[in-house]
Every structure is written in C-alpha cells, then in structure tokens.
Amino acid sequence: MNIVLGVGGGIAAYKAAEVARALMEEGAAVRTVMTASAREFVTPLTFAALTGHKVITSLFGDGSPGEVLSSSVEHIRVARENDALLVAPATADLLAKFAHGLADDFLTTMYLAFTGPVILAPAMNTEMWRHPAVQANVETLRRRGNHIIEPDSGSLACGETGAGRLPDPRHIAAETLRVASPVRDLEGEVVLVTAGPTQEAIDPVRFISNRSSGKMGYAIAEAAAVRGARVMLVSGPVSLAPPPGVDLVRVETASQMRKAVLDRLETATIVIKAAAVADYTVENPPSQKMKKTAARMSVDLSPTPDILAEVGRVKGGRLLIGFAAETQNPVAEARRKMETKNCDMVVANLVGQEGTGFGSNENEVTLVPREGSPVVLPRASKREIANGILDHLSWLRLSRNAAR
Ligand code: CTP
C-alpha cells in the first residue's frame, strides 16, 4: 500500500513523523509532501530519513536537504502512483483550500488530482476548530467523500483545553489503512438504518423530543456503505450532513419513521435501529399555538408504535439490531429488549455520561448478542464504534449464512 502523507504547518506537524512511522510499521510505503509552513515546524530531512524517500516540498523546490524538486507533472504522477492521501495535521488553511479548490502549492495541487481515498486529520486550536467557517469546510469535504478523522479533546499547545488535538499517530495510521483498503464484507447486503430523535408536535411551535444527535446512526450508515452494503438511512431531525453513498429519507415523527421503515423493509436484509424514537406522542395536536392562560397545564400523551418490536415480529431471515440507551443496568435492559423485540443483537449504551452517548463524538457501548457473552467496545470515536458494531454484525451474518 502506497500512501502520500501531506504535512500541514501546525504545531502537531512533529507528530506526523510518528504517523509516517506507524504507517510503515503496518507495511505501507510512505511518500511525504510538506507545505512551506510545515517546514517551519519540522525539517524535510526528518521525513526523508524515516521514510527512505526524498520529501516533496514545493512545486518548484528550494534545494534544502532531503527535499526533491518536483517536475511540472510530478503532482499528477504522485497522485496516480499512490493508493491513498493522508493529510496530518490538516490545518484550517489547508481545509479551506481543499474545500474551495485552491491550488497554490504541491499539496493542494496534488489534492485536486488525487482520485483515491483522501483522509484528513485536522488539528488546531479549539476556537479555530469550532469556527463556523472551518466546520462548513469540513462538512463540504465530508460530503464530497473525504474521510475526516475527528480531532481529540485535551490540552492544546496554545494552553487551552478542548477539541483540536491530533489523535494518536497509531490511530491515524490504522484509520488510514482501513479507509484505503476497506473490508467489503457487507457487499450484497441491503442495510436499513434509523438514526436521530423523533419530534412529536404539541402544537405548531412546540414538540417533545430527546437529546439524540443522530451521530451514532449516521456513522453506522456511512461505515456500512464503505463496507459495500447498499444503505437506506431513515433519519429524524438532525443537523448532520448526509453520509456519502447512502439513500437518506428524512422524517419527523415516530409514526412517519414507522411508515418509512415498513415501506423499505421488504428490500432490507439487515435492520439497525439506532434511532431514539419518542415513546409518547400527542394525538391530534391543536392547529393553533397553545396560549399561556392556565396556571398549570397537562398534555395528554399516547404511546407511539414500537417500530423495532413490529419489525421483530415480521423480520423473517433479516438480522435485526436494536439499541438500548440506558442510565443504569444497560446489559440487563439490553437482554430484556432483545427478548421483547426479537433482536439478534442489542447495542447497550450508557447515556447521561460526560463525553459519551447523546451528542458527543465518542461512545462506549456493550454489544449484547443473542448467543455468547457481551462484548465491550471501549470508548472511541463513533466511527470506530460503528465499525466495531459492523464487525460483530459481519460475524452474525456469516453464522446466519452458514445456517441456511
Ligand atoms: N424503538 C422503536 N420504536 C419505539 C421506541 C423504541 O423502534 N417507539 C427502538 C429504538 O430504535 C431502539 C430500541 O427500540 O433500537 C430501544 O429503544 P429505547 O428507547 O432504549 O427503549 P424503549 O423500548 O423505549 O424502552 P424504555 O423506554 O422502557 O427503556
């Protein structure tokens, strides 16, 4: 596997040397391209010595030790000869240039010519990372199919604490190789995923909902598509970009989600119900806004249909994965839901914890399969957790196919 490592000019540039080493330890050949500002932080010689290849530093070169002067079509050649492009650290400036197609140096020019998988590992100050301009560029790049490795949270070089740190180099290397050579183990499967909360109207301006952000379900849908499945994603209201290569159906209420799922069940071979469906709804909400006239008020709620239980009753040979978001006894609750809803596996999720569960980018779950012992997936990004769930699903699928 040949990887081009693009190094941007941030304090984390020194960690890129460890990324190069981790990639090589996994058997990859690494060619390094450095931006001019990256060379303010680390010398090309470091990467040349580590990788055994001269480092490309500019379209024209400046003759510094370890660097190589690129010929006029070198950026095309490097783009063609490599299997994946990893940029670590990807600075705010590089993300902006990639998102807008600017090509004013070797890395940005080669990026435009690169047709293989692109993995970007942003690292910067927390406020910069959170800036709407940076987030908009990240979303644009994600939508175009670039794989973003979310920055870690922790203490930063600028003295602040928050999201923006370059993740562990071994993690970046592993994620890069996984994206560069995806396991296509779900080829031939049609996966129906539900994600996000539902919103049940109380009146035209108010609703009942929950804290689900949809991130877990979206990560599962995206990962399943990367692994070769055809994916249908039925999503409640969330503010996430549609995952690349996935058919997205947007719904609002539990009853709309039920209809969207049942309408698509016929074609699905695997159903993953990550959505946090509201358990109660207001039947026939008023068409006008309710006025603050009484000192107290109550709303009459009736239960929503349990979509998972309904699918469980008619699932046939499909694999059915449920979720159990709990504040206590997650495994026992998952087992109970597995029985009552006829699932093949339930993903138990302890919510209400700092840093994992609802809204966060990370999660920690326990997989409770129908047969065998529970498997803990320790705290990791929701993308990694998604792949952990799919690894297990892939195994369940093999047992199902063998039994046929
Ligand atoms: N679920 C569903 N339809 C509902 C409620 C839940 O399909 N009306 C699904 C969820 O998508 C999830 C699983 O059931 O996969 C468990 O959801 P959860 O809210 O944890 O459980 P509930 O069945 O609502 O049970 P409880 O509120 O008692 O924990």
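Reader: How many helices and strands does the protein chain come to?
Author: The protein chain has 14 helices and 21 strands. Those are DSSP runs numbered from the N terminus, with helices being H or I of at least four residues and strands being E of at least two.

Reader: And what's its radius of gyration next to the globule rule?
Author: The radius of gyration is 24 Å, close to the 22 Å that the globule rule gives for 404 residues, so the chain is as compact as a globular protein of that length. The radius is taken over C-alpha atoms, and the rule is 2.2 Å times the number of residues to the power 0.38.

Reader: Before we go on, what kind of model is this?
Author: This is a predicted model, where local features need pLDDT of at least 70, side-chain atom pairs count only at pLDDT 80 or more, and totals for chains, interfaces and linings use all residues. Residues are numbered from 1 along each chain as its sequence is written, and side-chain values use heavy atoms, with hydrogens and water left out.

Reader: OK, ligand time. Which residues come nearest?
Author: Of the 16 residues around the ligand, K273, A275, L308, F323 and K341 come nearest. A residue counts as near if one of its heavy atoms lies within 4 Å of the molecule.

Reader: How does that shell divide into nonpolar, polar and charged?
Author: Eight are nonpolar, two polar and six charged. Here Ala, Val, Leu, Ile, Met, Phe, Trp, Tyr, Cys and Pro are nonpolar, Asp, Glu, Lys and Arg are charged, and the others, Gly among them, are polar.

Reader: Which element gives the most to the shell?
Author: That's β18, with four residues. α12 (307-313), β18 (319-326) and α13 (330-341) each supply at least two.

Reader: Which side chains have an N or O atom by a ligand oxygen?
Author: K337 has a side-chain N or O atom 2.8 Å from a ligand oxygen, and D279 has one 2.9 Å from a ligand oxygen. For a ligand nitrogen, there's T304, with a side-chain N or O atom at 3.3 Å.

Reader: How much of the ligand does the protein cover?
Author: The protein covers 79% of the 570 Å² of accessible area that the ligand has on its own. Those areas come from the Shrake-Rupley method with a 1.4 Å probe.

Reader: Switching topic: which peptide bond is cis?
Author: The one from A88 to P89 is cis, with omega near -5°. P89 is in strand β5 (residues 84-90).

Reader: And where does N284 lie?
Author: N284 is in the loop between β16 (280-281) and β17 (302-303). Its phi is near 50°, a positive value in a residue other than glycine. Most residues other than glycine have a negative phi, and most peptide bonds are trans.

Terms used
A polar contact is a pair of N or O atoms within 3.5 Å; within protein, one must be able to donate a hydrogen and the other to accept it, and residues adjacent in sequence count only if both atoms are side-chain atoms.
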